[in-house]
Amino acid sequence: MNSQGIKSSLHQPLAAHAAVGVARGELLARLGIRRPIDLLFFFPRGYDEPAPLQASTQFVENTRVAFAGTVVEISGRVTQTGKHILGVLVAADDGGAVRLTWFNQPFRRNDLRVGLRLVASGLLRSTVLNWEMVQPTITPLADDEPAALAKPLPRYSLTEGLKQAAVRSTMQEVARPLIEHIDEVLPDWLRERLQVPDVHRALADIHFPENMEAALAAQRRFKTQELLVLQLAITLQRQQRELSAQAPPCEPSGKIHARILNRLQHTLTHDQLAAVADIGRDMARERPMNRLLQGDVGSGKTLVAQYAMLLCAAYGHQAALMAPTEVLARQHADNLQRSLASSRVRVALLTGSMGRSERRGVVESAASGAVDLLVGTQALLSSDVQFKDLGLVIVDEQHKFGVVQRAKLRTESQQPHYLVLSATPIPRTIAMTAFGDLDVSTIREKPPGRAPVNTYISTPENLPAWWEFVDRQLSKGRQAYVIAPRVAEVDASDAASAEGIYESLRDGPLSHRRIGLLHGRLESSDKESVLGQFSRGDLEILVATTVVEVGIDVPNATLMSILDANKLGLSQLHQLRGRVSRSSHSGFVCAVAAAGCDTEDNQRLQAFAKSDDGFELAEMDLVMRGPGDLLGTSQSGLPSLRIANLVDDAALLALAREVAKELLRDDPQLAAPQLDKLRRQTVVRYGESMQLSDVG
Ligand code: ADP
Ligand code: MG
C-alpha cells in the first residue's frame, strides 16, 4: 500500500481488519473505537510497572523484585494429586540462587534451557534452602545483554468480554504499524517550548513504552496538547468577544453609588463592598465585564447582584437576571420590586409557565425598553426574547447551567456586561476552563448576626426522636424543611420520596402541623402558592425535593431534615444546609443516611457534619468526585478531556494557557501555515460548542 492508501486505511472500519474481526470489533466499538485511528488515540489508563531490579544480597521477603541470572537446573515433576510442578534454579548474577516455580504450566519449559540468561520478576519468598519465586514473569536476555528492567505494560479501559491481553495485542498488530503515518500537529519550535516528544515517539511510547519515563513523557505530550487546544479555543473565544465588544460604560460615581447602597435592604459587609467595587471598576469600562462572583451559600450574593443591576439601570440600560428555577426567579423579582418601590425602575418576570398573553406583554416590554430589569428562568434564552438596550446579564447559580446556554444569552444582544454568581467555590483551574477566563470576586464572610448551624448524621431508626425535637422547635415559632431526593415512589424500593414522606408526616407524628408539599412536577401556580404560604409562615413544614437547594430564602426556617442524604453530593448537601442559616436563630440539620450507605457515603456525610465551610467542602468534593460532579455532571459545561485531568494536571494547564496566549498574541487567527493543523484541531474540537465563528 502506498502512503496515501495507508492514510485512508486509518479511517476504515476496524472490524474489517483481519487481526480484529467482527466479534472483537464490536467489543472495541463499545469503547468508542471504530477505526484504527481511534485505536491509536485510545490511551492507557495506566501501566503495570515492573518490579525494581535488585541484587540478591538486598532481597527482602514478601517484596516484589526483579533480578538477573542464569538457569543452572530445570526439573519437572507431577505430584500425587496430578499437579505439574516446574522448578528452575537460577544463579543470580551477583552470587545468590533463586528457585522459580510454576504450577501446571509444563509448556514453560520450552522457553527455558540451562545456561539461558534472564530477568525474573515476582514476589519473593524464602524457603529453607534458598529464595523462591512462584509464577514469576521472565524475560530472556541475549548472552551479553545487560540486565534491564522489564517493560511497563499498558492498562486499557475494558468492557465486558474484552480482555486486557486482547487490547494489547490489537495495539501491537493494528496500531503500531500505523504510527508513522500520523501527522504531527505541533511544529518543532512549539514542541521545544512545551518540552514534549514528537507525535511518533509519543504514540509509540504511550502504548509500548521501554520504561516508565518514556511512558510519562508520552502522556505529558498528549495531556499538554489536549490542554493547549482547549486553551486556544478559550482564548480565541475571549478574544473574539473583546474585539467585537463594546459594552455600555456605567461608572459608579459617588452620587450613584450612594443612592444605590441606600436602596439595598442591608448595609453591605466588607466583602460585599469589595465585590461591588470590582464590579463598579469593570462596568465603568467600555470592555464588557466578565466576572464570577463566588461566595458560600447565604453569603449575600444577591445584594451584590442587585447593586450591579441598579448601576446598569442608573445609566438607562436594561439588565437581565437568569435563575435556574422559577421559584428562585420569582424571589429575585419580588426582592428587586421591594427595593425599588417608589422608583422609576421597572421590574418584570419571565418564566416558562407563563400564559401566552402575559408572556407576550413581557417580551414586548423587553423589546421596547419599557422594562428595565428582566428576571427569569431559561425562558430568557428563547429566541423571541429581544432587548432594546441590554447592558448587563447576570446568571445566578451558574453551575446549574451549561456554557453554551450562557453564550446564547450573551449573543442575543450587542455586548452586555456579564456577571455569574456561584455558591460552589470554583477552583481556579476549573474557572479557567469551564468559564473561559473569568475575573473572580469572592465573598468569604457571612452577614453579621448569623447563628451557627448544628449538623447531625442520623439513621431512619432515630427519626421519631428527631420529629419530637422538630415539633418542640415549631412550638417556639420556627419552621422546618423536610427534603427527600425523589418526588414520588418509583418502585417498591424504600427510597424516601417527597410525596411519601409528606403523607406519612401528615398522618403521623406531625399530623397537627400545617404541612405543604413542593416539587418540580407541580404546576407553577401551585408551587408559587405553596412557597408563598411557607414564606409568610402559614405553613410550618415544607416537604420538598431538592428544588429548594438553590437560593430559597426564608430566614425563619431553621430546621431541616434531609432524607436519603447519602444520595446527595457534598456541595448539594451544603447548599441545602444554607437554607437554615439565615437568621439569628440557630439552625439544625439532620442528615438521614438510608440503608445501603457505603464507606464513601459515610465519609462524605462525616465531612459534611464536620465542616460548615463551603470552600473547604468544595475542595473535598473535587478530590472525592472529580470536577464534573462538582459542577453538576453533564450540565457543567466542562469539556470532556480524554487524557488530561483538571485536578492533577493544573501545572500543565497553566503552561498550556501561557503558550496559547503567546501564540495568539503573535498570530491572532493562527494563520501561520505551521499552525494550520493545530488550528484545524481546535476548530474541529471546539468550533461548535464555543462558537468560534471567525476562525475556520
Ligand atoms: P446567597 O449568597 O446564598 O445568594 P443571599 O443573597 O440569598 O445569599 O443572602 C442570604 C441572606 O442574607 C438573605 O436573607 C439576605 O437578606 C441576607 N443578607 C445579605 N447580605 C446581608 C448583609 N450585608 N447584612 C445582613 N443580612 C444580609
Ligand atoms: Mg443566591
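Q: Which strand order does the seven-stranded sheet have?
A: The order is E11-E12-E10-E13-E14-E9-E15, in an open sheet with parallel pairing. Strands here are DSSP runs (E, at least two residues) and helices are DSSP runs too (H or I, at least four), numbered from the N terminus. Two strands pair if DSSP finds at least two bridges between them.

Q: And which are the edge strands?
A: Strand E11 (347–350) and strand E15 (439–443), each pairing on one side only. From one strand to the next, the twist averages 20 degrees. Angles run from 0 to 180 degrees between N-to-C directions, with axes fitted as lines to C-alpha atoms, for helices over the stretch in contact.

Q: Before I go on, where do the numbers come from?
A: This is a predicted model, where local features need pLDDT of at least 70 and side-chain atom pairs count only at pLDDT 80 or more, while totals for chains, interfaces and linings use all residues. Residues are numbered from 1 along each chain as its sequence is written, chains are lettered from A and ligands numbered from 1 in the order written, and side-chain values use heavy atoms, leaving out hydrogens and water.

Q: How do E10 and E12 pair?
A: In the parallel sense, over four bridges. Met322 stands opposite Gly376 in E12.

Q: New topic: how many residues surround ligand 1?
A: 18, and the closest are Thr267, Gly298, Lys301, Thr302 and Arg450. To count as near, a residue needs a heavy atom within 4 Å. Helix H10 (residues 301–314) gives the most to the shell, with three residues.

Q: Which polar side-chain atoms lie by its oxygen atoms?
A: One of Lys301 lies 2.7 Å from an oxygen atom of ligand 1, and one of Asp553 lies 2.9 Å from an oxygen atom of the ligand. For Arg450, a side-chain N or O atom is 2.4 Å from a ligand oxygen.

Q: How much of ligand 1 does the protein cover?
A: 88% of the 570 Å² of accessible area that ligand 1 has on its own. Such areas come from the Shrake-Rupley method with a 1.4 Å probe.

Q: What about the six-stranded sheet, what order is that?
A: E16-E21-E20-E17-E19-E18, again an open sheet with parallel pairing. Its edge strands are E16 (453–458) and E18 (515–518).

Conventions. Polar contact = N/O pair within 3.5 Å; in protein donor to acceptor, adjacent residues only side chain to side chain.
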